[in-house]
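Visitor: I'd like a close look at one part of this model, the charged side chains that pair up. Could you walk me through them?

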Amino acid sequence: MGMVIVMTDEALVELTRGGNRNAVEELLQSNREYLYKMARRLSNNPDTLEDLVQEGSIALLNAVSSYELTYGVLFLTYATPFIRKAMHEFMARMSLPMTVPAARYSQLRRVNYLVAKFQMDNEERPLQGLLQLICQEMQVSEKVALGLLRDYYEVCQEGALDEQWEQSIPCFDADPAKVYEQELLAECIQTAFDESAPRERVLIQQYLGLGNSNGKGMTFQELAVLLNYNGHSAAEKAYKKAIESLKYAIHIGKYGNYSRAKEWLITSFKDSV
């Protein structure tokens, strides 16, 4: 029996850039469970879950074009901020009043995925080839496919098809290293918050108004009553202690290690110049 060779994401990225269509599918498939895991953090609704995974797949493909091994991180680590941003933006869009019929919007999101995938598969990206792909995958006529494509650029890309076609669809305009650091910090804050004591979580959440529809938090006096503290000063003291615990957890965790390594590299570079 022959050995099954499992390729790394980094190897698949290189093959994808070389125009290997099978590598595109394999890259998506190998990370599909990870995309579902991220999607489940935002929604348990089966329909929304599939939508989030599709948005994450598009972001994953977009990350391929800008990823470099010299960044010193694995591809999936690099792609995660792209994926998280796309999923959060989708959930934000879902909370807004629909400007197009729901059925049409669903079709346009499918077109969005096909555009991203087609751009990975085809370096020259001829329009006719994309139209054929939309016809085949969505089982529509070429006329309908062209209408979907034009609506996609008007609704999703805020520009004309002729102006947008030869441009790539970047996920971020910012420096990837800065984006990674910001997303790493956000991830570590959330992890530290989730792992803190339940009483500390409630204290921080209610004081800052996190999750409240009006964004308004409770006063220390109100928190003293809610959590049975001996007056507002005791509630305030407990809040400050909870914040310090949160900062310490971040400092000794992944973000702290990253920051210290970064500072060491910068210092070493300065000393060597």
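Guide: Let's begin with Glu-89, which counts as partly exposed because its relative accessibility is 36%. Here buried means under 20% relative accessible area, exposed means over 50%, and partly exposed is anything in between, using a 1.4 Å probe and protein chains only. Before we go on: this is a predicted model, so local features need pLDDT of at least 70 and side-chain atom pairs count only at pLDDT 80 or more, while totals for chains, interfaces and linings use all residues. Residues are numbered from 1 along each chain as its sequence is written, and side-chain values use heavy atoms, with hydrogens and water left out.

Now for the partner. Glu-89 makes a salt bridge with Lys-85, and their closest N and O atoms sit 2.6 Å apart. The term stands for a side-chain nitrogen of Lys or Arg within 4 Å of a carboxyl oxygen of Asp or Glu. Both residues belong to helix H5 (residues 75-94), and because they are four residues apart there, about one helical turn separates them. Helices here are DSSP runs of H or I with at least four residues, numbered from the N terminus. Lys-85 has 26% relative accessibility, so it counts as partly exposed too.

By that rule, the count comes to six salt bridges. Another of them joins Lys-247 and Glu-244, at 3.5 Å from N to O. These two are three residues apart in helix H13 (residues 232-252), so again the separation is about one helical turn. Lys-247 is partly exposed at 47% relative accessibility, and Glu-244 is partly exposed at 48%.

Glu-50 forms a salt bridge with Arg-32, the closest N and O atoms being 3.9 Å apart. Glu-50 lies in helix H4 (residues 46-64) and Arg-32 in helix H3 (residues 32-40), so this pair ties together parts that are 18 residues apart in sequence. Glu-50 comes out as partly exposed, at 39% relative accessibility. Arg-32 is partly exposed as well, at 32%.

Thr-16 counts as buried because its relative accessibility is 1%. A polar atom of the Thr-16 side chain lies 2.8 Å from the backbone oxygen of Leu-12.

Note on methods:
Polar contact = N/O pair within 3.5 Å; in protein donor to acceptor, adjacent residues only side chain to side chain.
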